[in-house]
Amino acid sequence: MSQTKLRIAIQKSGRLYEDSVKLLAECGIDLRNVKDRLKTESDNFPLEVFFLRDDDIPQYVEDGVADVGIVGENVLYEKNKQTTIVEQLGFGKCRLAIAVPRGQEYESVKALEGKRIATSYPFLTKQFLSDNNVNAEIHEISGSVEIAPGIGLADVVCDLVSSGSTLFMNGLKEVETILQSQSVLIKNNKLNEAQQQLLKKLVFRIQAVKKAKRTKYVLLNAPNDRLKEIIALLPGMKSPTVLPLAQEGWSSVHSVLSEDTFWDIIEQLKDKGAQGILVVPIEKMII
């Protein structure tokens, strides 16, 4: 009887491809040669990988051709397929935004009334206009949406934005954000028990990698007469580890800090007399 394998669809090229392959590698999943392949599998985890156009991934997962997939929320919501988000992955962050010519006055969404809007996301754009009771003409185009106003094809664009530099170079400014997007892991809604168990193992690994990226391992030397104050600043996973140093009156303190509060806490530790602070990246974090 053949072993059950989890089939995952990822982007074959583009902005999510490298991060998706890197995530699987960080999860300890070895893949055979992935360059210019449509399909491969892992030697050390029951996983088959399909490399697809990102626009096709939600459909493949809904149909059960792939059990799970990694796709941007922008594509997922635009395609409007029946799948379930399992985990937000934190990479490929961008936003779907309305942009108008920089010299144009814009006070509210009502300024879009009667405008021609160029976009590769007609479903989400129509939904946004409907939610705001605005009637506008949508021109669906693929690629180079930002040049549409400059060549007279449209008055306004609705496009993906990362840094905003492309809009700026084309004389446009953002005025409305329709969607904040990032990559997500999605699943077919009819997975069997064996597939669910494999997905659970994969998600466990993904969460361990994500937690590690958001935290730092910190080691420092603390004077014993300030130890309680220093420990109070270090929550750790449960509580900091404290070990006596060979030098009397000092202890070594080990803990974990969140990336979000890291610098603020480091400054406070210095103020409390901590010395020899070492910061070490964490590869995996199991809680």
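What covers the buried residues of α4 includes α3 (73-79), β6 (94-101), β7 (116-119), β8, β9 and β10 (172-181), where contact means heavy atoms within 4.5 Å, and where helices (H or I, at least four residues) and strands (E, at least two) are DSSP runs numbered from the N terminus. The model is predicted, so that local features need pLDDT of at least 70 and side-chain atom pairs count only at pLDDT 80 or more, while totals for chains, interfaces and linings use all residues. Residues are numbered from 1 along each chain as its sequence is written, and side-chain values use heavy atoms, with hydrogens and water left out.

Within helix α4 (residues 122-131), the residues P122, L124, T125, F128 and L129 are buried, a term that stands for under 20% relative accessible area, with exposed for over 50% and partly exposed in between (1.4 Å probe, protein chains only). Seen down the axis of α4, these buried residues fall within an arc of 165 degrees, so they line one face of the helix; the arc is that of the directions from the helix axis to the C-beta atoms. The face turned away from the buried side of α4 carries the exposed residues K126, S130 and D131. N133, which follows α4, has a positive phi, near 55 degrees.

The count of disulfides, each a pair of cysteine sulfur atoms within 2.5 Å, comes to zero. The sulfur of C94 is 11 Å from the closest cysteine sulfur, in C158, which is too far for a bond. C94 is buried, with a relative accessible area of 4%, and C158 also counts as buried, at 0% relative accessibility.
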